[in-house]
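What follows is a short report for a reader who meets this structure for the first time. Please look over the sequence and the model before reading on.

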Amino acid sequence: MSEPATFYLVRHGESEANAARRFAGQSDSPLTARGRRQAESYGKFEPPSITVYPLDASGNVKPLRIIEGSQTRLNWPSQMAFHQPRQELFVANDADDSILVFRAGDQGDVAPIRAIKGPNSGIKNPPGIALDIKNGEVSVASMGTHAVLFFPVTADGDVKPSRIIRGGPSDQIALNIGNPGAVGYDTKRDQILVPN
């Protein structure tokens, strides 16, 4: 496991090296020991994870289970969608350019049962997903390609999308879908909703 990252405040006009020395107490800086301790408490990254809580949870509650570890392939997980009939959890994995699928009861350092990832998929920085259970599709907001991509819920590997919604040709900036941060499915109207 890698060491946690360290953060320190770089003052206007100050070099990062000097800020690091000041943070470590090696300069004549006015940063007090209390200030250093306070800054240290904010300088830690927790590993990416998915935590599961009871439905009636309130306050500082311990998770029922956690999906976390190198086998999970989690890297900046963002939006999730649960497929009730299949008992599968779909995760938009932003920094890995992938969609990961876990079983409903998974916990610990467990590998996904499926993953959509690769150049054929067209997925780049996916911050959002939505499930269309009726039509058996997962829609992916692909911020890095200014598009919404559609895959069968059973898709796995470096697969091409079954269809794409985009505001222009793939070699140009999309005017109608600029930075899709999420995607939604309206089950009543059978419509795809894309906020920009």
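In this predicted model, the count of cavities of 30 Å³ or more comes to one, and the space in the largest cavity is about 30 Å³. The residues that line the largest cavity are Ala130, Leu131, Asp132, Glu137, Val138, Ser139, Phe150, Tyr185 and Ile192. Two or more lining residues come from each of strand E7 (128-132) and strand E8. Sorted by class, the lining of the largest cavity holds six nonpolar residues, one polar residue and two charged residues. As for the idea behind such a search, rolling a probe the size of a water molecule over the atoms shows where empty space is left.

Glu137, one of the residues in this lining, also takes part in a salt bridge, in which its side chain meets that of Arg163 with 2.9 Å from N to O. The pair links distant parts of the chain, since Arg163 belongs to strand E10 (residues 163-166) and Glu137 to strand E8 (residues 137-142), 26 residues apart. Are the two partners buried or exposed, or something in between? Glu137 has a relative accessibility of 13% and therefore counts as buried, whereas Arg163, at 39% relative accessibility, counts as partly exposed.

| Salt bridge | N to O distance |
|---|---|
| Arg86 and Glu88 | 2.9 Å |
| Glu88 and Arg114 | 2.7 Å |
| Arg163 and Glu137 | 2.9 Å |

Which residues are joined in a network of salt bridges? They are Arg86, Glu88 and Arg114, and Glu88 has a salt bridge both with Arg86 and with Arg114. The bridge between Glu88 and Arg114 has its closest N and O atoms 2.7 Å apart. Because Glu88 lies in strand E4 (residues 88-93) and Arg114 in strand E6 (residues 114-117), this pair ties together parts of the chain that are 26 residues apart in sequence. Both Glu88 and Arg114 are buried, with Glu88 at 6% relative accessibility, while Arg86 is partly exposed with a relative accessible area of 34%.

A further residue to look at is Ser98, which has its place in strand E5 (residues 98-103). Why does Ser98 count as buried? Its relative accessibility is 0%, and buried means under 20% relative accessible area, so Ser98 falls within that class. The side chain of Ser98 makes a polar contact of 2.8 Å with the side chain of Asp96. When residues up to four places away in sequence are left out, Ser98 touches Val91, Ala92, Asn93, Ile116, Lys117, Ile123 and Pro126.

Turning to the protein chain as a whole, its secondary structure comes to two helices and 12 strands, and, read from the N terminus on, the elements run α-α-β-β-β-β-β-β-β-β-β-β-β-β. Of the 196 residues in the protein chain, 32% are buried. Among the contacts in the protein chain between residues at least 6 apart in sequence, 43% join residues that are at least 24 apart.

Key: Residues numbered from 1 in each chain as written. Predicted model: local features only at pLDDT ≥ 70, side-chain atom pairs only at ≥ 80, totals over all residues. Heavy atoms only, no water. Salt bridge = Lys/Arg side-chain N within 4 Å of Asp/Glu carboxyl O. Buried < 20%, exposed > 50% of the residue type's maximum accessible area, 1.4 Å probe, protein only. Helix = DSSP H or I, 4+ residues; strand = E, 2+ residues; numbered from the N terminus. 1 Å grid on protein atoms, 1.4 Å probe; cavity = no way out; pocket = protein on both sides within 12 Å on 5 of 7 lines; lining within 4 Å. Points joined across faces, edges and corners; volume = space filled by probe spheres on them. Nonpolar A, V, L, I, M, F, W, Y, C, P; charged D, E, K, R; others polar. Polar contact = N/O pair within 3.5 Å; in protein donor to acceptor, adjacent residues only side chain to side chain. Contact = heavy atoms within 4.5 Å.
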